[in-house]
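User: I am new to reading protein models and would like to go through this one step by step. Could we begin with how the chains meet?

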Protein chains: 2
Amino acid sequence: MSKVRVHNLNISLDGFSAGGTVTVDEPIGHARDLFSRFDGRVIEGVHTVDDPITADRAFYSLWGQGIGVEIMGRKKFGPQSGPWTDDEWIGWWGAEPPFKTPVIVLTHHERETLTFENGTSFHFVDAAPEEAIAQARELADGGDIRLGGGPSSIRQFLDADLVDFVHLVTVPIVLGSGVSVFDGGRDVHDRFDIESVTTASGLTHQFWNRRR
Amino acid sequence: MSKVRVHNLNISLDGFSAGGTVTVDEPIGHARDLFSRFDGRVIEGVHTVDDPITADRAFYSLWGQGIGVEIMGRKKFGPQSGPWTDDEWIGWWGAEPPFKTPVIVLTHHERETLTFENGTSFHFVDAAPEEAIAQARELADGGDIRLGGGPSSIRQFLDADLVDFVHLVTVPIVLGSGVSVFDGGRDVHDRFDIESVTTASGLTHQFWNRRR
């Protein structure tokens, strides 16, 4: 059975995984520091950069292993809300989205599928978590399902107990405010076996595996 | 420039990475315990098994990332020595070698190239380390070069300062005797930046990156 996985989910010491208000200039709100040690260049493998192979990079490179589809919240796709008024907007990433698989964008507002030459396609779907997972599985061609965020999107799947794996990265900074993946999720940790590893950079990587 | 990399090199507390005498029944000598926590099933990705995604498995999965060729010592290919007398021997792995790339087998004794349907081919080469690297690069199609062992083979490349990266795994056991990758290699560590990470299993993973 394919897994539902979360990768490279940063969390501050005070529990926030994104800033508050998202704008075109600040896609992750005021939470830039959460991503300052994240090397997004190695998500397809540590060999894709000429830099040292570190434990952090090894963990980041899990992102695409065996993934057949991503599910993301609308805020990860763009800063707009309400009905789509700007069909020119094709996501934060322009003509080369890094996903290279189908992507389900959760939204209450319909829009035609967008397809890119590198294998990425955005499917706009109005569905509850269970239904979104079912649709994702059809698109995944046997691969695993990655929940891409943001945090409030991941929270819905955690609340519904639909998540098999979370790679959570504690970044030793304090944001003061923002969006949490755990709001109202008391005791969610009881459902998982959790391994923690701290690397030379000062990041603590946690591997949450759903108990069977 | 492509890197010369070593992955999943186990070492006991007393410094051994393989047992002494290699036979058909004991391909790694008496050093079985060195490999008891190694999950060779995930060398192509953590998604290839239905088990938890752990830090250990994440590190093991670096094995194939961006690799275009392997160089191995003759003892990794088979227990024989001297001229080839048994052309039926096609390696320890039978018809499905896990490499799926060209592999250079270092030997003083010529033999015809063996080719497998899954992309693996064994090329039998009599060459010093520098020359072996040059030939490997031609076979690698732009990919990195993995040194596959055994330990005495890796030692020759370390002594010649031809290694860019080593993933060394300290296994908390005592072997008493065996083959070391560091015999006579005093101060080899000075040429590398070294990160150490201990995981929940009790293994300590070290990432050696050659200083530039």
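User: Which residue of chain A forms a salt bridge with B:Arg212?

Analyst: In this predicted model, the closest N and O atoms of the pair are 3.6 Å apart, and a salt bridge is counted when a side-chain nitrogen of Lys or Arg lies within 4 Å of a carboxyl oxygen of Asp or Glu.

User: How many salt bridges does the rule find across the interface of chain A and chain B?

Analyst: Side chains of opposite charge can pair when their charged atoms come close. Over all chains the structure holds 32 salt bridges, and the contact of A:Asp50 with B:Arg212 is one that joins the two chains. Across the interface of chain A and chain B, the number found by the rule is 2.

User: What rotation superposes chain A on chain B?

Analyst: The superposition has an RMSD of 0.0 Å and needs 0.0 Å of shift along the axis, and the two copies are thus related as by a two-fold rotation axis. The same surface serves both copies, since 100% of the contact residues of chain A recur in chain B. The rotation that brings chain A onto chain B is 180°.

User: Which three residues supply 26% of the area that chain A buries against chain B?

Analyst: The size of an interface is often given as the accessible area lost when the parts come together. Between chain A and chain B this buried area is about 2,300 Å², with carbon and sulfur atoms giving 56% of it, and 29 residues of chain A are in contact with 29 residues of chain B. The three that supply 26% of chain A's share, more than any other three residues, are A:Ile53, A:Gln65 and A:Glu195.

User: Which strands stand at the edges of the open sheet of chain B?

Analyst: The open sheet of chain B has 9 strands with mixed pairing, in the order S4-S5-S3-S2-S6-S1-S7-S9-S8. Within it, strand S3 (residues 102-106) and strand S5 (residues 121-125) of chain B pair in the parallel sense over 5 bridges, and B:Leu106 has B:Val125 in S5(B) as its bridge partner. Each edge strand has a single partner strand, so one side of each is left without a neighbour in the sheet, and these strands of chain B are S4 (114-115) and S8 (192-198).

Methods: Residues are numbered from 1 along each chain as its sequence is written. Chains are lettered from A and ligands numbered from 1 in the order in which they are written. This is a predicted model: local features need pLDDT of at least 70, side-chain atom pairs count only at pLDDT 80 or more; totals for chains, interfaces and linings use all residues. Side-chain values use heavy atoms; hydrogens and water are left out. Copies are superposed by least squares on the C-alpha atoms of residues with pLDDT of at least 70 in both. Contact means heavy atoms within 4.5 Å. Buried area is the accessible area (1.4 Å probe) that two parts lose on being put together, summed over both. Two strands pair if DSSP finds at least two bridges between them. Helices (H or I, at least four residues) and strands (E, at least two) are DSSP runs, numbered from the N terminus.
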